[in-house]
Amino acid sequence: MNEKAEPAGQADNDGSGLRLVLQQTAALPADRPMGMPGAFYASPEYFEWETQTVLRRGWHCLGRIDEIPNAGDYFTAHLLTEPLIVIRGDDDAIRVLSNVCRHRGMPLAEGAGNTKRLICSYHAWSYDRKGTLLRAARMENAGFDAKNCHLPKFNTVIWRGFIYCNLDPSAPAFVAQNPELGDLIAAYETDQFRLVHSGEEVWHTNWKCLVENFMEGYHLSVVHPKTLHEYTPTGLARKSASGAGFTAYTANYPEGAQPRGAGAPGLSAAEQRRSTLFAVFPTQVVSQAASLLVSLSIVPLAVDQIRVKWTMSTYGDDLDDATIQQRIALWQEVNREDREKLERMQVSLGSAHATAGPLAGEDYEGTIRDFQTWLARIDAGF
Ligand code: FES
Ligand SMILES: [Fe+2]
């Protein structure tokens, strides 16, 4: 008799045990998919492991280029331990700079705005839009050399109008990760979309729970009966392409539903009649429709807490102002519905009885399996 028998989940409630469970779960046959135990989403030790590995080496979407269209436009962000400034330079390039003054560590900017110089509020050191120190009053010590006081710059990639950043200079390159995803959304002209709204909220959930929630169509009709069901019912969800670093499914509109804007001229009729939901692992989830683009950037703050930054952009003049306001209100409600579910689930995921349960089929939860597979492969590399 095994006297040490414990409910699964508790026995695995540390980083190394969960790493093993992840490998085993990802290796299950495709027709027998399983979820992960609650500890995967609730163990502080496992979150610490993720912070040092998959999150630190991952490419994270910080926002849209259309948030900062003019030279000097900036917004601030915070990724793991790093305060960041995302700023457009005089040369039109977008840079992600450390938002930490090289003198004694004061943040240089807050929120968003436009500036010619980044001037520290503490002792007035000033930097240009590339992070070069221009002026530091009364600094006459022999040991001071302005050339050594450039703001650190992070690796940055612009893809389809999204701004991605990586904290680890030795991390694998971003661009080659998802050419298939580029093909999947090519006709939408995602880079041409124009920002109409952005918002930030703190949610009490694990970061992976929101990735999985956004990426599975199984809950659509249950959680969103009044907001999404009419246009994107669960029964019409279909698994789409997946590849290195991403997964996708399509949420198809029922026959008879009105089109929701024409979008780019190259879109097929089928593309106009569905939303393509995709995740760029680890932390970005997106809904791409003909005229509407919604992107969520998930910033993990703690094992059970995230900051969600979401942006909404539209294509050309497809949608009038009143429709845009309706769509913003709709998505605020959709996010509220998801948040309510995830915050309640986070509490029960800490239970010793939150054991691994079976997943639904490919069209409904195949994206969760893709996420597991990707995490397992990354994990195996450490
Ligand atoms: S900390 Fe920025 S100038 Fe002193
Ligand atoms: Fe949802």
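Which residue in β10 stands opposite C61?

Reply: C61 stands opposite Y164 in β10. The model is predicted, so local features need pLDDT of at least 70 and side-chain atom pairs count only at pLDDT 80 or more, whereas totals for chains, interfaces and linings use all residues. Residues are numbered from 1 along each chain as its sequence is written, while chains are lettered from A and ligands numbered from 1 in the order in which they are written.

Strands count as paired if DSSP finds at least two bridges between them. Another of these pairs joins H60 to its bridge partner C165 in β10.

The two strands belong to an open sheet of seven strands, ordered β1-β10-β9-β4-β3-β2-β5 with antiparallel pairing. β1 and β5 (112–114) stand at its edges, each with a single partner strand, so one side of each has no neighbour in the sheet. Direction ignored, neighbouring strands of this sheet are turned by 30° against each other on average; such angles are taken between axes, which are lines fitted to C-alpha atoms (for helices over the stretch in contact), and run from 0 to 180 degrees between N-to-C directions.

Although β1 is an edge strand, five of its five residues are buried, so β1 is largely enclosed by the rest of the structure. A residue is buried if 20 or more other C-beta atoms lie within 10 Å of its own, exposed if 12 or fewer, and partly exposed in between, with C-beta atoms placed from the backbone.

The chain is divided into domain 1 (60–166) and domain 2 (175–380), with bounds from an automatic or database domain assignment. Taken over C-alpha atoms, the centres of domain 1 and domain 2 are separated by 30 Å. In all, 13 residues of domain 1 are in contact with 17 residues of domain 2, contact meaning that the C-beta atoms, placed from the backbone, lie within 7 Å. On the side of domain 1 that touches domain 2, β1 (60–64) and β2 (73–79) each supply at least two residues. β1 gives the most to that side, with five residues. By class, this side of domain 1 has five nonpolar, four polar and four charged residues. Here Ala, Val, Leu, Ile, Met, Phe, Trp, Tyr, Cys and Pro count as nonpolar, Asp, Glu, Lys and Arg as charged, and the others, Gly among them, as polar.

D92 lies in the loop between β3 (82–88) and β4 (94–98), and D92 has a positive phi of about 80° although it is not a glycine. D92 is exposed, with 8 other C-beta atoms within 10 Å.

A second open sheet has three strands in the order β6-β7-β8, again with antiparallel pairing. Its edges are β6 (118–119) and β8 (133–135), each with a single partner strand, so one side of each is left without a neighbour in the sheet. Two bridges pair β6 with strand β7 (residues 126–127), and I119 stands opposite S126 in β7.

Turning to helix packing, helix α5 (residues 207–215) and helix α9 (residues 362–380) pack at an angle of about 145°, with their axes 8 Å apart. There, V211, E212 and M215 in α5 meet T367, I368 and F371 in α9. By class, this contact has four nonpolar, one polar and one charged residues.

Finally, V54 lies in helix α3 (residues 44–55), and V54 counts as partly exposed, with 19 C-beta neighbours inside 10 Å. Leaving aside residues up to four places away in sequence, V54 touches P282, L375 and I378. V54 and P282 are 228 residues apart in sequence and 7.4 Å apart in space, C-alpha to C-alpha. P282 lies in the loop between β14 (274–280) and β15 (284–288), and a cis peptide bond with omega of about 10° joins F281 and P282.

Conventions
Helix = DSSP H or I, 4+ residues; strand = E, 2+ residues; numbered from the N terminus. Contact = placed C-beta atoms within 7 Å.
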